[in-house]
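Work through the exercises below with the model open. Each task is followed by a worked solution.

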Amino acid sequence: MKPLYIDTHAHLDGEEFRDDLPDVILRAREAGVSRIFLPAINLASIASMQTVCHQYPHYLYPMIGLQPEEVKADWQKVLCQMKAMLSQPSVEDTPYIAIGECGLDFYWSREFENEQLAAFEEQVRWSVEYQLPLVIHCRKAQNELLHIMKPYANDLPGGIFHCFTGNQKEAQEYLKFDRFCLGIGGVSTFKSSHLREDLPASVPLNRIVLETDSPYMAPVPHRGERNESAFLIHVLHQLAESYGVNDEEIANQTNQNVERLFGRLE
């Protein structure tokens, strides 16, 4: 019997899946993926995300947030509209299970640096106010990100540092937030990745969750293809090999970690 496990981050509402989403969902189920969490990235993505979550109730679950690369001069207006959706959701809306994805990204540009900092802190406050997990995107901004989070550390309910690809020192800094986990995806399978050695050396299994970030960063042997949730099995296999345990232990422990963060989902 295949182990069941959860994809905590996949953009299945994107155009990349418009033509074959039923097949993508079928392959995910057949591969053992028991639930998939969908992050918002901007206002437009909320409608598409809600649409696909309605199509697959109790299998796809939505989050709400403003991804840092989507933060522009109008960020306050955007967040005001998002908070209204969070505070008074439509009766047709599937309940949001987390705030995300949000965070900081200075990889390409710092044009909207101040706006990103302010928008991220506002969403950190939402996590505290609504006691919803925080799903965080961070590239080239760890110091700034942790500086914003530290005053809220005791009040945050927990969350995920999404798409972790850092070193042992960076992992240790994140894990000081003791209710948070690291999201591990396809990069862990790349030959060039140091995660296979660094994760077992510095990150206990009770601080890891699985993710694909579909359609991006497909794992080996699918590297360069459109990523999808069914490919998460390769991340699970790699983590089992790295930690010296079997697939079932990775699946069971990461499922427990998800339940600790998100509660029991219907």
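## Exercise 1: The second largest pocket

The second largest pocket has a volume of about 220 Å³. Describe its lining: how many residues, which elements and which classes?

Solution. Start with the ground rules. This is a predicted model, in which local features need pLDDT of at least 70, side-chain atom pairs count only at pLDDT 80 or more, and totals for chains, interfaces and linings use all residues. Residues are numbered from 1 along each chain as its sequence is written, and side-chain values use heavy atoms, with hydrogens and water left out.

Step 1: On a 1 Å grid over the protein atoms alone, a pocket is an open set of points with protein on both sides within 12 Å along at least five of seven lines; a cavity is a set where a 1.4 Å probe fits but cannot get out; lining residues have an atom within 4 Å of a point. Grid points are joined across faces, edges and corners, and a volume is the space filled by probe spheres set on the points.

Step 2: count the lining. There are 13 residues, and His-58, Tyr-61, Thr-94, Pro-95 and Glu-266 lie nearest the centre.

Step 3: assign elements. Helices (H or I, at least four residues) and strands (E, at least two) are DSSP runs, numbered from the N terminus. H2 and strand S3 (60-62) each give at least two lining residues.

Step 4: sort by class. Ala, Val, Leu, Ile, Met, Phe, Trp, Tyr, Cys and Pro count as nonpolar, Asp, Glu, Lys and Arg as charged, and the others, Gly among them, as polar. The lining divides into 8 nonpolar, 3 polar and 2 charged.

Step 5: look at His-58 again. This residue sits in the loop between H2 and S3. Most residues other than glycine have a negative phi, and most peptide bonds are trans.

## Exercise 2: The largest pocket

What is the volume of the largest pocket, and which element gives the largest share of its lining?

Solution. Step 1: the volume is about 1,200 Å³. The lining holds 43 residues, with Gln-67, Glu-101, His-137, His-162 and Asp-213 nearest the centre.

Step 1: the elements giving two or more residues are helix H2 (43-55), strand S5 (134-139), helix H5 (142-149) and helix H6 (168-175). H2 gives the largest share, 6 residues.

Step 2: by class, the lining has 18 nonpolar, 14 polar and 11 charged residues.

Step 3: check Glu-101. This residue is found in strand S4. The peptide bond from Gly-100 to Glu-101 is cis, with omega near 5 degrees.

## Exercise 3: A helix pair

At what angle do the axes of H8 and H9 cross, and which residues meet?

Solution. Step 1: axes are lines fitted to C-alpha atoms, for helices over the stretch in contact, and angles run from 0 to 180 degrees between N-to-C directions. The axes of H8 and H9 come within 8 Å and cross at roughly 105 degrees. That makes H8 roughly perpendicular to H9 (65 to 115 degrees; under 35 is roughly parallel, over 145 roughly antiparallel, the rest oblique).

Step 1: contact means heavy atoms within 4.5 Å. Leu-236, His-237, Leu-239 and Ala-240 in H8 meet Asp-247, Ile-250 and Ala-251 in H9. These residues divide into 5 nonpolar, 1 polar and 1 charged.
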